[in-house]
Amino acid sequence: MSQIGAPRGRTCSRSPRSRTLRSVATLTSAVLAVAVLAGCSSSDEADEARAAAQDNAPAARDKVADGGTLRWAVDALPTTLNAFQADADGTTSRIAGAVLPSLYTLDGRGRPQRNADYLESAQVVETEPKQVVLYKLNQQAVWSDGREIGAPDFVAQWRALSGRDTAYWTAHNSGYERIEKIERGKNDLEVRVTFSKPYADWQSLFTPLYPKQVMGSPNSFNDGARASLKATAGPFLLKTIDRKNGDVTLARNPRWWGQPAKLDSVVLKAVPRADRADALAAGTLDLAEIDRSTAERIALALRDAQAGRNGAQAALAHGPGSSVTPSKALKSWALAHGTDDEKAAEVQAARTKNQQAIAAYANAQDTLAKYVVRKSLEPAYTQLSLNGESGPLADERVRRAVARAINRRELAESVLKPLGLPADPPGSHLALAGQAAYADSSDALGNQDTAEARALLADAGWVPGGAARKPADAGTKAGSEAEKKAAEKAAEKKTGDKADEKEGAKKEAAKADASTDAKKQAADTASDEGLYIVGDDKPGERRATPAVGADGPENGTGILAPAPAAARQSAALLARAEALDTGTGSGARAALPVSGTDKGVAGAYAPRGTAAPVTAPEAGKGLGKDGKALSLRFVLPSGPGSEALRAVGDRIVRMLDAVGIRTEVTKVSDDSFFKDHVASGDYDLALYSWPASAFPATDARPIYAKPEPASDGSLLVEQNYSRVGTDRIDQLFDQAAGTLDEEEARELVRQADARIWAAAGSIPLYQRPQLVAAKADLVNAGAWGLAGPRYQDIGFKKPETSKGAERITP
């Protein structure tokens, strides 16, 4: 899928119709061009430079040895083997990818590609009166029990995931709810799927595909597939799950009809991120995602090896105690404590201990020199989320001021440049560099500009000395005049003439290439289209219930109570985000039911945490309004896997302080961060990561959907934890998901992204680095970037080709 298209001032398009779809932001940023369009290759090349390539030591299958066992680190053993349950995690997905059918896989640019091992063909064969997709399955494809993969499996999965039967504890049903019927074709190997309304992302369905024995009943779906699978159909099969030793063993599938797996087995070993350096130094792993410090240890070991130093020499050069020789240590001890026999014994014990440490370090260096570090960018990005529910950030001008105060490029470079990875900050919320839907729409908000940030704050009433001024009306409840105006605007919009809205959109497009004023107008469009911020009263709607007391604390947020299905989906996405930032995901999983009739997620929207805030140093530039100082609560995880987030958070604090925005930094436990703060809305600012998707129209919609009031007066936010959304953004997502014109769908996604930028509820900062330690002779494995592994090709180099293995260091 091609990347962004023409440079600024130039467009590439297939038809006049596609040109009419451009929004203000997409006109001022680049327009998508497919690879076949003449004159757009230079933009494609520029975009390729922005994206990080795969780094997985590719090798032809005839260069890969047959046999062997791969020991692959995972964060934890899976709590379920059902990828469609809320507590499915990365290990669940890894197992599913090796043992279950994937009708479509992703290539190096995140494009879905038909998997010929399972599909002979799949195409839309009818569009009127309904969309019909005809799947023709590989005639050799069979489950491990010998039954052919066919229409009954499709029907069972559709019924389980359609959402019509609430007895199934599904985490999401995106796309399956649009299916009207599934029919058998000429035989069970032909499957006709008819949709009730058009669905652009139909290629996302039936991957992974489970056997009808798993999907056929609520009991087998909810409980039966948690610890075992009744049938599999991949290059590997599930052999054992050893919870005592923390291992999952996958063995080569003897019934596999495709190219046979090179490895005899894959052992997934549960090794926490903090323990992986020691496990690699002990030589007990072959492949493991690692942090930067571990990558640096491996790089140092490789440099020592290349310099001809063995482990012992390396230890003397930079190992433990390398700066203090034994004679110096003895002399220092003697001077401090005397030279009696007792002290001499202590000195000798200390020297022995130091020698043991040096020996251990030497052995570790020798072992680490057998690994290489493979690096790319993860299909995920880290963002700053701005909670627009209440307080200062309910005013879109303050949110924009926060965004304009932040130098995104500086933050991206601080994380990625030391690793030699592309450090351009993401220009999209919905796609990453390398994906077809990617276009830089950040112009809808603007780049870092201290003067503009201060001007926006002043326009919102936050000025020096404002904290000492009394409110104009002391009897009025806390809240800015801007909040009232926003509510009035929304009410007027609700009853206004829709023709005016269309005319306004045309005017936006006409002014797209103007400079700062046009960009600001594009941002203002978000509020004109029904920007809804939790906490603003609108006619016929009730406020979210306060979390504490009658009015709640200052900047308080309501306890949100989503419907059970939405809660499960929310918990699933939070678990994925939590695993990205902490390497665990245990916080979200701990709250999930594994049996019984409660299909909700107890604790997913828990009350506030109680961690004491740590106030950032004052710079004497604090702003205020109506007797209140401008101060934002910045919540960060405190665990050992979140150092990078905290370092970025420190930089953000300094950037905000420079424009007069003070922050109260609260560091909370990893288990509490997502569950008790991000999901419950107990924050003003928060840093966390979102996984990317090849199907943004479907997968990203709940993340940016406009919050809606529930019947009990609470608010349903789906996964929109910034609580900022517009009707128009929702409409654009729906239109993108409902068109079968791929170019039009991508254009609509880009329009939605421009409006998400303008609303300033979240600010993408950088794509996450992906560092993987791999044995030097391991091939077709490492940092896959946007793609997924091809499990049957992973293996070790044949002995005759093992010399001169390329070593890639961070």
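**Pro129 and its loop.** I started at Pro129, which sits in the loop between strand 4 (119-126) and strand 5 (132-137). This is a predicted model, so I am reading computed geometry here. The peptide bond leading from Glu128 into Pro129 is cis, with omega near 0°.

In that loop I also looked up Lys130, which lies between strand 4 and strand 5. Lys130 makes a salt bridge with Glu180, and the closest N and O atoms are 2.7 Å apart. Glu180 belongs to strand 6 (residues 179-184), so the pair ties together parts that are 50 residues apart in sequence.

**Another cis bond.** Next I went to Pro208, in the loop between strand 7 (190-195) and helix 6 (212-215). The bond from Thr207 to Pro208 is cis, with omega near -5°. I noted both cases because most peptide bonds are trans.

**Positive phi.** Most residues other than glycine have a negative phi, so I went looking for exceptions. I found Ala57, with a positive phi of about 50°. Ala57 lies in the loop between helix 3 (41-50) and strand 1 (69-74). Ala760 has a positive phi as well, near 55°. Ala760 is in the loop between helix 26 (742-759) and strand 24 (762-775). How do they sit relative to the surface? Ala760 is buried, with a relative accessible area of 0%.

**Helix 26.** Glu742 and Arg746 meet in a salt bridge, at 3.8 Å from N to O. They are 4 residues apart in helix 26, which means about one helical turn separates them. Glu742 is exposed, at 54%, while Arg746 counts as buried, at 10%.

Asp395 is buried, with a relative accessible area of 4%. I also marked a network of salt bridges linking Asp75, Arg273, Arg276 and Glu289.

**Helix 22.** Last, I looked at residues 670-678. I listed the buried residues as Asp670, Ser672, Phe673, Phe674, Asp676, His677 and Val678.

How values were computed:
Residues numbered from 1 in each chain as written. Predicted model: local features only at pLDDT ≥ 70, side-chain atom pairs only at ≥ 80, totals over all residues. Heavy atoms only, no water. Helix = DSSP H or I, 4+ residues; strand = E, 2+ residues; numbered from the N terminus. Buried < 20%, exposed > 50% of the residue type's maximum accessible area, 1.4 Å probe, protein only. Salt bridge = Lys/Arg side-chain N within 4 Å of Asp/Glu carboxyl O.
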